[in-house]
Amino acid sequence: ILIVDEVLAVGDFEFQQKCLGKMQDVSHQGRTVLFVSHSMPAIKQLCNKGLLLEKGMMKSFDSIEKVLEKYQEHEAELFPGVRTNIPGDRPGYFTEWRLAGKDIPGIHSCYSREHCTIIFRFKALESFRNCEVRFMIKYEKLVILHGTSMGIHQGFSLSRGYYNFRFSFEFPIRDAQFDVEMVFLSDRKIIDTWLSQTKLTVLDNFESHVNAGMLNPAIDFAMEEENMVSNAY
């Protein structure tokens, strides 16, 4: 039995990939690997069964997909998507965010490739013109997905009040947890930016144990056989 405890918490990307490759080689040799980590993509890439512990007590022991879903649901409940550090020196600011959709599992979680709407609530304390709203979905500080109101509503105006900014799309990302950051601009000046403590949880039903946290767009595939006689090179 090979016990590996948070080995991916140190080292650069190349070192981490070498570690994962070595552990996969060992597991394919018939040995048991006990992998302890908070890195969900690495866990899904390496493991087929999971054990969830909380304060030393077993909370779940099942397939890795079901255990990760249980862990992600628990983490999502820690913060309800409501901003607690309200800025007192800004003329407008975001107050909360949530998801909306027909079959979403929760207001802060969705399935990969699911059509859903992400909603940002904003409070305007004064009027604004030439406005733009941006949002970024980040994974380990890297921007995975970016959206903007420009091109849809060019430079809209706001008066005092509360507003819901809605972006609808098919979410093209494999299962993991992501940071959500939003920006509001007026006359090309940043009025407010907020990196929410609430993670966006993406779940999926794919059987593959690789590519968690990666882009997962729907792509058509076709295969055709060439006539080697008539298409000789």
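**Before you start**

Residues are numbered from 1 along each chain as its sequence is written, and side-chain values use heavy atoms, with hydrogens and water left out. Since this is a predicted model, local features need pLDDT of at least 70 and side-chain atom pairs count only at pLDDT 80 or more, while totals for chains, interfaces and linings use all residues.

**The whole chain**

Show the chain as a cartoon, and you will be looking at 3 helices and 14 strands, where helices (H or I, at least four residues) and strands (E, at least two) are DSSP runs numbered from the N terminus. Buried residues, those under 20% relative accessible area with a 1.4 Å probe and protein chains only (exposed means over 50%, partly exposed in between), make up 40% of the 233 residues in the chain. Contact means heavy atoms within 4.5 Å, and among contacts with a separation of 6 or more, 65% are between residues 24 or more positions apart.

**First stop: the aromatic rings**

A pair of aromatic rings is described by the distance of the centres and the angle of the planes. Rings of Phe, Tyr and Trp (its six-membered ring) pair here if their centres lie within 6.5 Å, and planes under 30 degrees apart count as stacked, over 60 as edge-to-face and the rest as tilted. A search of the whole structure finds 14 aromatic pairs. Select Phe 94 and Phe 122, whose ring centres are 5.3 Å apart with planes at 75 degrees, so that this pair is edge-to-face. The two residues are 28 apart in the chain, with Phe 94 in strand β5 (residues 92-100) and Phe 122 in strand β7 (residues 115-124), so the pair links distant parts of the chain. Both Phe 94 and Phe 122 are buried.

**Second stop: the nonpolar cores**

In soluble globular proteins, nonpolar side chains tend to be buried together. A nonpolar core is a set of buried Ala, Val, Leu, Ile, Met, Phe, Trp, Tyr and Cys residues joined through side-chain atoms within 4.5 Å. Select Phe 120 and Phe 184, which touch the most other members among the 33 residues in the largest nonpolar core. Several strands give two or more residues to this core, including β5, β7, β11 (161-170) and β12 (176-186), and the largest share, 6 residues, comes from β8. If you centre the view on Phe 120, you can look for the residues that it touches, among them Phe 94, Trp 97, Phe 135, Tyr 163 and Met 182. Then move to a second, separate core of 17 residues, which includes Val 26, Phe 35, Val 67 and Tyr 71.

Arg 134 is in strand β8 and counts as partly exposed because its relative accessibility is 32%. Gly 147, in strand β9 (residues 142-148), counts as buried at 10%.

**Last stop: two loops**

Select Arg 113, in the loop between β6 (109-111) and β7, which has a positive phi of about 70 degrees although it is not a glycine. Arg 113 is partly exposed, with a relative accessible area of 35%. Asp 187, found in the loop between β12 and β13, is not a glycine either, yet has a positive phi of about 50 degrees, and at 39% relative accessibility Asp 187 counts as partly exposed.

Key:
Lists of a residue's contacts leave out its neighbours within four places in sequence.
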